[in-house]
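I'd like to walk you through a structure, so please get the viewer open and follow along.

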Amino acid sequence: MISHWMDREGPVLPRETSAAPLDVVIGVMAFLAALSLGASLVSERTAESWRSGVAGRFTVQIIPPLDGTHALDMQREVESVVALLRATPGIMEAEPLSDADERSLVAPWLGNGALAPDLPLPRLVDATLQPGVRVDLAGLTEKLKTIAPDSVVDDHTRWISRLKRLADAIVWSAYAVLGLIGIATASAVMFATRAGLAAHHEIVALLHQMGARTGFIARAFEWHYFISALVASLAGAGLAAAFFVAAGGLEQAGLEPVAFLPPLGMHPSELAWLAVVPACTALIALTTARLSVMAALRQIY
Amino acid sequence: MAVAAFLAGQSFRSDVMLRFENVGMRYGTGPEVLRDVTFLLESGSFTFLTGASGAGKTTLLKLMFLSEPPTRGLITLFGNDLATTRRADFPAIRRRIGVVFQDFRLLDHLSAFDNVALPLRLAGRGPDAYRHDVEELLGWVGLGARLDAKPATLSGGEQQRVAIARAVVARPDLLLADEPTGNVDAEIGQRLIRLFGELNRLGTTVLIATHDRSLIERTRAGEMRLVDGRVIELRTSRP
């Protein structure tokens, strides 16, 4: 419990009234940092969901012959491929995609309108592996070629590796942005601390004169900037969290807030990660203020 | 008891509070404000520092309370040669010195109570430990009813009393005061001098810079006079 007399112990430094510009800068920095962090979390989760969606599966594609004939042959090839796959140990399931499914796959590029019936679409057979089982895809491909010469096996490796590279690039870009924002925040606080030291020069000189240890004076500054940065960055990170919540709400309502991007809505556990931003910002402010004050005090006799 | 004496080749003694040897001081590339200042203050002494305006009194005080380093010469304080003392030890040395500044230098955002309590806070004491001392002292200097007043609402004399209370509250080993009675009436002035005398009897070495000859004549304290940056006259205290 804070005693009555503790209440009477006034702050060594007067409460700032002119720190609003720094608060705005820190708030904006925290907003951008939280956006970057959120983007990296969403990217990681999306890449993982895509990866897990295609991992343990492969697709056999049967390319239609260029002469546009032999639809019946293609159907036979599909049936042979399905039979072979189902007979292969380690393959749990093999299903050809229906005509409607295939048309829905090309719909984003060709539209939902009626496709020409003679448009040659490849036939796809989706195979699911038993968990933890490895299948000799090279050998399987050779066998498939004997019964379906126009078949191609796609185990999604290329797709997954590209996806991983993309996700990694987004995550590392986000970390780089976070690092730059940290440096910018530290610079802003250093500048503000020096301005604060100049503004309170007489108080600092008096405290120094009266035998205050460097740490005592530094504490007065560092807590001031710690609280200030904490409040401003909470506001910035809160705004970013609101953005992600709103984006999630729009997505649930069937709207796409930002076209071509993966869903931006965040899970509550991911939103909680955004709290790292104000915590780190406040710590950066505290450390920077302390180091700045101690460096400045070393210049005084 | 001798309050001050020229060194004249004396070796350092343990009861010496402060010793200046051939100390010179100039600001930047300007002329020397203090020249070859040599004296010592014994522990428990009470001395007035006099001299015309511009004689170097304030500069001499600044050297004594470690506000500025000397340009040349040797200063020994509490047995520490300041030229070789680690900077990390300066705060502890400074806390043994109470200073009454000519311009008071109170913290405007703090109450009279908090201003006076500041040296005790710096010494690591908590509010519960210093509350009684601070209230009692503020009461003694006639400000018992103004504990929560901010300096801006106090008169010049009241501010001076707060500054004096702040300088003596931690019972420093050395008290340095620059014109401490300049803004108070005669009665309060006498009261403050009695306070300094009481502190001196408790063991604090006191040095007061003043123009007030009547103040000096009313006491048995010693006198050190500065003329053009040199100590030219020294009188020990009268028994």
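Some housekeeping. This is a predicted model, where local features need pLDDT of at least 70, side-chain atom pairs count only at pLDDT 80 or more, and totals for chains, interfaces and linings use all residues. Residues are numbered from 1 along each chain as its sequence is written, and chains are lettered from A and ligands numbered from 1 in the order in which they are written.

OK, chain A. You'll find 10 helices and four strands in there, and from the N terminus the order goes α-α-β-α-β-α-β-α-β-α-α-α-α-α. Chain A has 301 residues, of which 29% count as buried. Buried means that 20 or more other C-beta atoms lie within 10 Å of the residue's own; 12 or fewer is exposed, in between is partly exposed, and the C-beta atoms are placed from the backbone.

Helix 10 of chain A has 23 residues and reaches 33 Å from first C-alpha to last, close to the 33 Å expected.

How do these two helices pack, then? Helix 8 (residues 214-252) and helix 10 (residues 276-298) of chain A meet at an angle of about 155°, with their axes 7 Å apart. The axes are lines fitted to C-alpha atoms, for helices over the stretch in contact, and angles run from 0 to 180 degrees between N-to-C directions. So helix 8 and helix 10 of chain A are roughly antiparallel to each other; that label is for angles over 145 degrees, while under 35 is roughly parallel, 65 to 115 roughly perpendicular and the rest oblique.

Who makes the contact? From helix 8 of chain A, the residues include F221(A), Y225(A) and F226(A), and from helix 10 of chain A they include A285(A), A289(A) and R290(A). Contact means C-beta atoms, placed from the backbone, within 7 Å. This contact divides into 18 nonpolar, three polar and two charged residues. For the record, Ala, Val, Leu, Ile, Met, Phe, Trp, Tyr, Cys and Pro count as nonpolar, Asp, Glu, Lys and Arg as charged, and the others, Gly among them, as polar. Among the buried residues of helix 10 of chain A are A285(A), A289(A) and R290(A).

Back to helix 8 of chain A, which is where G249(A) sits. Is G249(A) buried or exposed? It counts as exposed, with 12 C-beta neighbours inside 10 Å.

On to where the chains meet: 16 residues of chain A and 22 residues of chain B take part. Helix 1 (4-8) and helix 7 (201-209) of chain A each supply at least two residues of the chain A side, and that side divides into nine nonpolar, four polar and three charged.

Last stop, chain B. L66(B) isn't a glycine, yet its phi is positive, near 60°. L66(B) lies in the loop between helix 1 (57-64) and strand 5 (72-77) of chain B, and it is buried, with 21 other C-beta atoms within 10 Å. D228(B), also not a glycine, has a positive phi of about 50°. D228(B) is in the loop between strand 10 (222-227) and strand 11 (230-235) of chain B, and with 14 C-beta neighbours inside 10 Å, D228(B) counts as partly exposed.

Definitions and conventions
Two residues are in contact if their C-beta atoms, placed from the backbone, lie within 7 Å. The expected span of a helix is 1.5 Å times one less than its number of residues.
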